Amino acid sequence: MPALVNYGGDDDLYSGGSFYTNSTDLGRLCSISSQVDVYCPPRKRARISAPFIFGETEDEQPSIHVLPDECLVEIFKRIPGVRERSSCACVSKHWFMLLTSIRKGEYESSKVVKENIGSSSDDVEMISSEEEDGFLTRCLEGKKATDMRLAAIAVGTSGHGGLGKLSIRGSSSSRGITNFGLSAISRGCPSLKVLSLWDVRRVGDEGLSEIAKGCHLLEKLDLCQCPLVSNKGLIAIAENCPNLTALSIESCPKIGNEGLQAIGKLCPKLQSISIKDCPLVGDYGVSSLLSSASSVLSKVKLQGLSITDFSLAVIGHYGKSVTNLTLSNLQNVTEKGFWVMGNTLGLQKLVSLMIASCWGVTDVSLEAIGKGCTNLKQMCLRRCCFVSGDGLVAFAKSAGSLECLQLVECNRVTQSGIIGVLSNCGLKSLSLVKCMGIKDISLGVPLSSPCNSLKSLSIRNCPGFGTVSLAMVGKLCPQLQHIDLSGLCCITDAGLLPLLQNCEAGLVKVNLSGCLNLTDEILVSLTRLHGATLELLNLDGCRRITDASLVAVADNCVFLSDLDVSRCAITDVGVAALSQAEHFNLQVLSFSGCSGVSNKSLTFLDKLGRTLVGLNLQHCNSISTQTVELLVESLWRCDILF
């Protein structure tokens, strides 16, 4: 396409025919080609190097360059088509920069469209094809994030659907993105709806204000590590972008309460707000934002802020539309703040709540949250060291709609607390990660009625969860379909067998990675009891699993689609057994770290590859590169890692 193409960061300059027959002009063009990211038309007419007026020397400048910039800009405004403008941008850096200074609405073609809205003539329809809806997405990262590339995007995306989403992630400290680049985007891309700026340290309020002035359709703004952006830039966005629905601010040290107050007052469509590690943001900013935007605000995330109990009280009172709430690392919030948030009864629509590293979460405040959030379905507690098993049971009893509970590094939670939770609420999913307070002891009391609602159980890296605990969970939860016991290195065949025997519904997904003491015996039982329903099996790191387990899998698991036996004692015999299975529909297979699998398995892997879409042979030292090349050639539909 002989036009300035919407630049994505990876395209090369056209290396075809020359613009000029004159070596001086050619040198001038080459000197800017490394800075301006545009495409050159391959068959553009060579520029005539003969003297324009007889008697002039060849060294004198052609007359077009004598024109002042104001005249050139007026000429460019009257160029009817996008292709023609892009071709002009390829002539020189000077022309290119002049084109970037023209706003989209200043072109004569845009004015004609505006003056003839409602007209059905063919001419107007043809011109209207330049109208933009913001279909294009561009991403610049690292060294490729420069002002010249942004300017090329501003010119190149015009008339080709329009730039709708722009993401800039990191830029060079010397040649990176500045306010000039965002100004070019503002003038050339009025259709921009999503802007993400990550680690852009040279962009300040001026650049963000230009975006606000030119991109009134902006809906989502993400600012991360932008040290020069302050309240002034955020206020400009609030005043000029009424369609803003999502705002994310992270590690912006100059953004504070005034900017958030403006967003709350002037952005009535705001639905999602995320604020992380902004030291100037306090109670005033958070409370102003939440109280002003409470009608439609549904997602709130506050992390690493110096807010107090007052902000949580405001959330509890004004958060009537909040469905997702994340509170993390709020060191100044006490038990009173969380208690008030629950007891104000304003979070009736809250569905998902995550609390991490907040010292104010205790048994008392947790129970209040359970009572106040009547529609809460998903709860995640991370590193809440003051929550005990008794508090968890009280919360489970009060939160009648709770379906999913995740506990990460909650070390005061005990085995009795987990059993109590399962006995007192209709959980569908329970996840425990690194909860060191769980000890494998017998409770000595009869278990209550079973929890028939629990379908998914994940217990990862909890060393105290062993044989006794697994047996109790198995009796309490007969309808389990998904189990993840990764990292439980202490469990044995005898401890896992009761759980497998009590699963009446049939297991679908089983993850036993890192369970070092499991043997072929338990795998044979697993495939015999649940082979008819099993779809995923992960045995990564189970070093006592041998070819006998693969034989059992091949004989019993008809619907298995994902199998991982990485770092197991598997040899070519096991691979051969899998390849001989009838009606096998395996799609993902991993033998990573299986030194017993060698070149002899080529034929077997080729047969398995008829259904495979992913094959992992990394660190299989007995398989040669030539064998892998043959597999890649024959299994062209399969993604092979080696």
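Of the 642 residues in the protein, 52% are buried, where buried denotes under 20% relative accessible area, exposed over 50% and partly exposed the range in between (1.4 Å probe, protein chains only). The model is predicted, with local features requiring pLDDT of at least 70 and side-chain atom pairs counted only at pLDDT 80 or more, while totals for chains, interfaces and linings use all residues. Residues are numbered from 1 along each chain as its sequence is written, and side-chain values use heavy atoms, with hydrogens and water left out.

The secondary structure comprises 24 helices and 20 strands, assigned as DSSP runs numbered from the N terminus (helices H or I, at least four residues; strands E, at least two). The protein exposes about 28100 Å², of which carbon and sulfur atoms supply 52%; accessible areas were computed by the Shrake-Rupley method with a 1.4 Å probe, and for residues only the protein chains shown count as cover. Among contacts (heavy atoms within 4.5 Å) between residues at least 6 apart in sequence, 82% join residues at least 24 apart.

Helix α8, spanning residues 179-188, is largely enclosed by the rest of the structure, because nine of its 10 residues are buried. The buried residues of α8 are Asn179, Gly181, Leu182, Ser183, Ala184, Ile185, Ser186, Arg187 and Gly188. Burial also occurs in a loop: Ser321, located between α13 (309-318) and β8 (324-328), has a relative accessible area of 16% and is therefore classed as buried. When residues up to four places away in sequence are not counted, Ser321 touches Ser294, Ser295, Val296, Leu297, Ser298 and Lys349.

Six salt bridges were identified, each defined by a side-chain nitrogen of Lys or Arg within 4 Å of a carboxyl oxygen of Asp or Glu. One of them joins the side chains of Lys276 and Glu250, with an N to O distance of 3.6 Å. This pair links distant parts of the chain, 26 residues apart, with Lys276 in strand β6 (residues 272-276) and Glu250 in strand β5 (residues 246-250). Lys276 is partly exposed at 22% relative accessibility, and Glu250 is likewise partly exposed, at 24%.

Lys377, Glu403 and Lys428 are linked in a network of salt bridges. In the bridge between Glu403 and Lys377, the closest N and O atoms are 3.9 Å apart. Glu403 lies in the loop between α16 (389-398) and β11 (404-408) and Lys377 in the loop between α15 (363-372) and β10 (378-382), so the pair ties together parts 26 residues apart in sequence. Glu403 also forms a salt bridge with Lys428, where the closest N and O atoms are 3.9 Å apart. Here the partners are 25 residues apart, Lys428 being placed in the loop between α17 (415-424) and β12 (429-433). The relative accessibility is 26% for Glu403, 33% for Lys377 and 43% for Lys428; Glu403, Lys377 and Lys428 are partly exposed.

On the surface, Lys165, Arg169, Lys220 and Lys299 gather in a patch of positive charge. Patches consist of residues with over 30% relative accessible area and no salt bridge, like charges being joined within 9 Å and nonpolar side chains (Val, Leu, Ile, Met, Phe, Trp, Tyr) within 5 Å. Lys and Arg count as positive and Asp and Glu as negative, whereas His and the chain ends are not counted; the place of a charge is taken as NZ of Lys, CZ of Arg, CG of Asp or CD of Glu.
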